[in-house]
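Please look over the model below.

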Amino acid sequence: MKEQGFGVSGFTLKCIAMACMLVDHTGAVLFPQYIQLRMIGRLSFPIYCFLLVEGAVHTKNIRRYEIRLLAFALLSELPFDLAFYTRPDFRHQNVFFTLFLGLLVVGQYQKQREKLNSGLTFAVAVACMAAAELLNTDYGAAGIIFILLFYALYERTVLKQAAFVGMNFLLYGFSVQIYAGFAALPMLLYNGKRGPSMKYFFYLFYPLHLLGIYFLCKIMY
């Protein structure tokens, strides 16, 4: 992607996604009566999917990227369970698992370009979507569809976002998830620049903010 001198960097997009996620999870656990907080939170996941694809395209070692996501998925599961269920609960898995499965599919599509094995790639995509549904990860198979959409239309900036908004509506209709479509606006402003890395800060923020919400809930209720 050609870098431009205006717009927002990947770092800024991460900050937007992180802030929206914090608002969303705080609303879900501590203030469920305020649906407005969940509306704001809908912007977070699409931006993370978008940035995942950016990372997959530019990384020098996608396998290391996959291992990192899986490691943080495992690390975050107990904080996720405590925040949303107050105890270990394996019926619903955190969003890192969805991102990990989506990255597996993107990695296989990258391999396909070299080996032209489209049948295997399709099988991997179906298997990862099925795994997301069986594990009941956040956003499930729909999350992987968003990741694939951003990857397939990587070079088509405007079409990619229009397709995302349309797919979001097809999958979720007029539910609260429709507000995720507003995430297209900051993504359209992306200038192709990484900005400050602070990679592990953003990874660690996920389990740490969930633990913070859990302890706040214990204090408040």
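Q: How does the lining of the largest pocket divide by class into nonpolar, polar and charged residues?
A: In this predicted model, where local features need pLDDT of at least 70, side-chain atom pairs count only at pLDDT 80 or more and totals for linings use all residues, the lining has 15 nonpolar, seven polar and nine charged residues. Ala, Val, Leu, Ile, Met, Phe, Trp, Tyr, Cys and Pro count as nonpolar, Asp, Glu, Lys and Arg as charged, and the others, Gly among them, as polar. Residues are numbered from 1 along each chain as its sequence is written, and side-chain values use heavy atoms, with hydrogens and water left out.

Q: Which residues lie nearest the centre of the largest pocket?
A: Of the 31 residues that line the largest pocket, Lys 14, Leu 51, Gly 55, Tyr 65 and Lys 199 lie nearest its centre. On a 1 Å grid over the protein atoms alone, a pocket is an open set of points where a 1.4 Å probe fits, with protein on both sides within 12 Å along at least five of seven lines, and lining residues have an atom within 4 Å of a point. The largest share of this lining, six residues, comes from α3, helices being DSSP runs (H or I, at least four residues) numbered from the N terminus.

Q: Why is α3 called largely enclosed by the rest of the structure?
A: Buried means under 20% relative accessible area, exposed over 50%, and partly exposed in between (1.4 Å probe, protein chains only). Because 11 of the 15 residues of α3 are buried, this helix is largely enclosed by the rest of the structure; among the buried residues are Phe 45, Phe 50 and Leu 51.

Q: What makes the contact between Arg 38 and Asp 24 a salt bridge?
A: A salt bridge is a side-chain nitrogen of Lys or Arg within 4 Å of a carboxyl oxygen of Asp or Glu, and the side chains of Arg 38 and Asp 24 meet at 2.5 Å, N to O. The pair links distant parts of the chain, with Arg 38 in helix α2 and Asp 24 in helix α1, 14 residues apart.

Q: Is Asp 24 buried or exposed?
A: At 6% relative accessibility, Asp 24 counts as buried, whereas Arg 38 is partly exposed at 26%.

Q: Which residue meets Asp 24 in a salt bridge at 2.6 Å, N to O?
A: The side chain of Arg 42 does so, and Arg 42 is buried, with a relative accessible area of 6%.

Terms used: Helix = DSSP H or I, 4+ residues; strand = E, 2+ residues; numbered from the N terminus.
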